Amino acid sequence: MRPDFYRTLLSPWPWLVLAVGAVMPLLLPNYYLHILTVTLIYAALASAWNIVGGIAGQISLAHSLFVGAGAMLSSALLVKLGVNMWLGMLAAAAVSAVIGALVSFIDYRFRLGHLSFALITLAFAEMAEIYVIGTDFLGGASGLFLPRDTGDITQFQFGGGRGAYWVMLGMTALCILVNLAILTSPLGYNLRSMRDNENAAQAIGVGLLRNKTLAMTISAVLTSIIGTIYARYLTFADPYLLASPVLTIEIVLFATVGGLGSAIGPALGAFLLAPVGEILRGQLGDKLPGLHYFIYGLVVIGVILASPGGVWSFIKSLGRRRS
């Protein structure tokens, strides 16, 4: 890894942000703590997706499959078989890694274009949702209720909203750190060269299958773990939320608005848009159905028009102008 990685870690700003984030549960009421926890979940998901979609340039729409695997499989193992959710999380992550490697092999074998890859991964996600809804072991259309959270960490319980928030804060920080480590490593150079021109990258010795598989596997495992934490936080594994391709569209939206290919951009996009969506839904959802979607759409359009390259790119350009 380049010195940039270590300079970032030694900089006081990331640690200051992390410290401020850590004290939020002591200051916020439960409603806003929930919004912030959901925001962290989306920030982590967007950062995990960025490894494939931003750095490697593979627009995968299959990540709801990995979220669903982490949430539904680990929950089913706990509820139906009594398997500890820590083990269920590892099993679901392993399944997600295998599926991610399979998707990468299909992409490599048939040399799919960006649009074809996006459509095929979307088809995988749709099939996964249908499979989950039609499988009794995974809860079917009714989903799965998890045991009450009593704070027993050995049973993958976090002790309520505050504990879940701190877990997700650490998971989000880990996802951003993994992005930074990849960007400053030979893997990051290989992925970006493949993103720009696969033929040229292969001509200079970049292994397409190995690098694509590695990127997708890392992204799938992180996404699956986040899905398990999300289900535990909700105490209900809902297939229409956790295995829906609509979830992937939201993840891609946050990553794109924040800035594709950067370590902090996708998380920044989630922190900008997710709270707006949650607050609008809570304040306007019952008063005039559909109005919150309309306002949210206007906000998204405004942000994209103001910073086409992403919010993080816009912030960096402001910094360069001042200097």
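Which residues lie nearest the centre of the largest pocket? Here are some friendly notes on that and a few other points.

1. This is a predicted model, in which local features need pLDDT of at least 70 and side-chain atom pairs count only at pLDDT 80 or more, while totals for chains, interfaces and linings use all residues. Residues are numbered from 1 along each chain as its sequence is written, and side-chain values use heavy atoms, with hydrogens and water left out.

2. Trp 13, Pro 14, Val 17, Ile 176 and Ile 264 lie nearest the centre of the largest pocket, which has 36 lining residues. A pocket here is an open set of points on a 1 Å grid over the protein atoms alone, where a 1.4 Å probe fits, with protein on both sides within 12 Å along at least five of seven lines; lining residues have an atom within 4 Å of a point.

3. The space in the largest pocket is about 1200 Å³, a volume being the space filled by probe spheres set on the points, joined across faces, edges and corners. α7 supplies the largest share of its lining, nine residues. Helices are DSSP runs (H or I, at least four residues), numbered from the N terminus.

4. The lining of the largest pocket comprises 25 nonpolar, ten polar and one charged residues. Nonpolar covers Ala, Val, Leu, Ile, Met, Phe, Trp, Tyr, Cys and Pro; charged covers Asp, Glu, Lys and Arg; the others, Gly among them, are polar.

5. The second largest pocket holds about 320 Å³. Among its 17 lining residues, Leu 65, Ala 69, Ile 99, Ala 128 and Tyr 131 lie nearest the centre. α4 (63-81), α5 (85-110) and α6 (114-133) each give two or more residues to this lining, and α4 gives the most, with six.
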